[in-house]
Amino acid sequence: RRVAILISGGGSNMAALLESMTGDHPARPVLVLSNDPAAGGLALARAAGVPTAAVDHRPFGRDRAAFEADLSAHLDRAAPDILCLAGFMRVLTAGFVGRHAGRMLNIHPSLLPKYPGLNTHARALEAGDTQAGCTVHEVIADLDAGPVLGQARVPVLPDDTPDRLAARVLPWEHRLYPAVLRRFAAGDRTPVLLP
Ligand code: GRF
């Protein structure tokens, strides 16, 4: 299976996915695509020998469809079977999502359906949750709302801050996403539950 990974920043989740796609893995990376030409993850991908492309979303202003048409031009050339959003911070239109229905995954730093959207760790702390974590889900038009393909749980500790909680969750993102991709690429949608 051919995997394209979409990023916006450092790409630590992308790096974990790239590292996992070796040996007998049913998937191979064919493109890393960013909405920010300066995204640090692009350099990591190039160093790993993976083709990269960037479409700066800023010149498009509010014209999401035009921005996505450029993204799609790069994706069409790479012809991926699976798209992985990994720290991709742009909302995608229903049209784009529909064209990749059933083949697009995302990782979100909360135990969905709790805390879709931003500032997830601060909201979990605010709510006094004793557990937090991350979720890999299929992408549908509604933001952070598709079928859950995996979750990893971590404890919330006393006097946690959002940064400390994020630092506890991130390594589990790096374990969860590769585990989910391996299953998904083999056609298995059984949720991965960690630890
Ligand atoms: C991570 O917390 C991820 O859950 C969220 O973006 C953050 C940075 O991801 N989607 P990465 O390091 O760019 O993969």
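Let me start with His25, which lies in the loop between helix H1 (12–20) and strand E2 (28–34). Helices (H or I, at least four residues) and strands (E, at least two) are DSSP runs, numbered from the N terminus. This is a predicted model, in which local features need pLDDT of at least 70 and side-chain atom pairs count only at pLDDT 80 or more, while totals for chains, interfaces and linings use all residues. Residues are numbered from 1 along each chain as its sequence is written, and side-chain values use heavy atoms, with hydrogens and water left out.

On confidence: pLDDT is the predictor's confidence in each residue, from 0 to 100. The protein chain has a mean pLDDT of 97, and 100% of its residues reach 70 or more. The ipTM is 0.90 and the pTM is 0.96.

Back to His25. Is His25 buried or exposed? His25 counts as buried because its relative accessibility is 6%. Here buried means under 20% relative accessible area, exposed over 50%, and partly exposed in between, with a 1.4 Å probe and protein chains only. Leaving out residues up to four places away in sequence, His25 touches Ser20, Leu181 and Arg182, where contact means heavy atoms within 4.5 Å. The His25 side chain also reaches the backbone nitrogen of Ala27, at 2.9 Å.

Next, helix H1. Seven of the nine residues of H1 are buried, namely Asn13, Met14, Ala15, Ala16, Leu17, Leu18 and Ser20. What covers these buried residues includes strand E1 (2–7), E2, helix H2 (40–47), strand E4 (82–85), E5 and helix H6 (162–185).

Asn13 brings us to the ligand. Which residues surround the ligand? They are Gly10, Gly11, Ser12, Asn13, Gly87, Ile107, Pro109 and Glu173, counting a residue if one of its heavy atoms lies within 4 Å. One is 3.0 Å from a polar backbone atom of Gly11. For Asn13, a backbone N or O atom lies 2.8 Å from a ligand oxygen. For Glu173, an N or O atom of the side chain is 2.7 Å from a ligand oxygen.

Now the record. An unreviewed UniProt entry lists Arg64 and Asn106 under "binding site"; such annotations may be inferred rather than shown by experiment. From this set, the lining of the largest pocket takes in Asn106. A pocket here is an open set of points on a 1 Å grid over the protein atoms alone, where a 1.4 Å probe fits, with protein on both sides within 12 Å along at least five of seven lines; lining residues have an atom within 4 Å of a point.

Arg64 is in helix H3 (residues 64–78) and is partly exposed, because its relative accessible area is 36%. Asn106 is in strand E5 (residues 104–108) and is buried, with a relative accessible area of 8%. Beyond four places in sequence, Arg64 contacts Arg90, Val91 and Thr93. With that same exclusion, the contacts of Asn106 include Leu85, Thr135, His137 and Tyr177.

Last, His100, in the loop between helix H4 (94–99) and E5. His100 counts as buried, at 8% relative accessibility. The side chain of His100 makes a polar contact with the side chain of Arg103, at 2.8 Å. A polar contact is a pair of N or O atoms within 3.5 Å; within protein, one must be able to donate a hydrogen and the other to accept it, and residues adjacent in sequence count only if both atoms are side-chain atoms.
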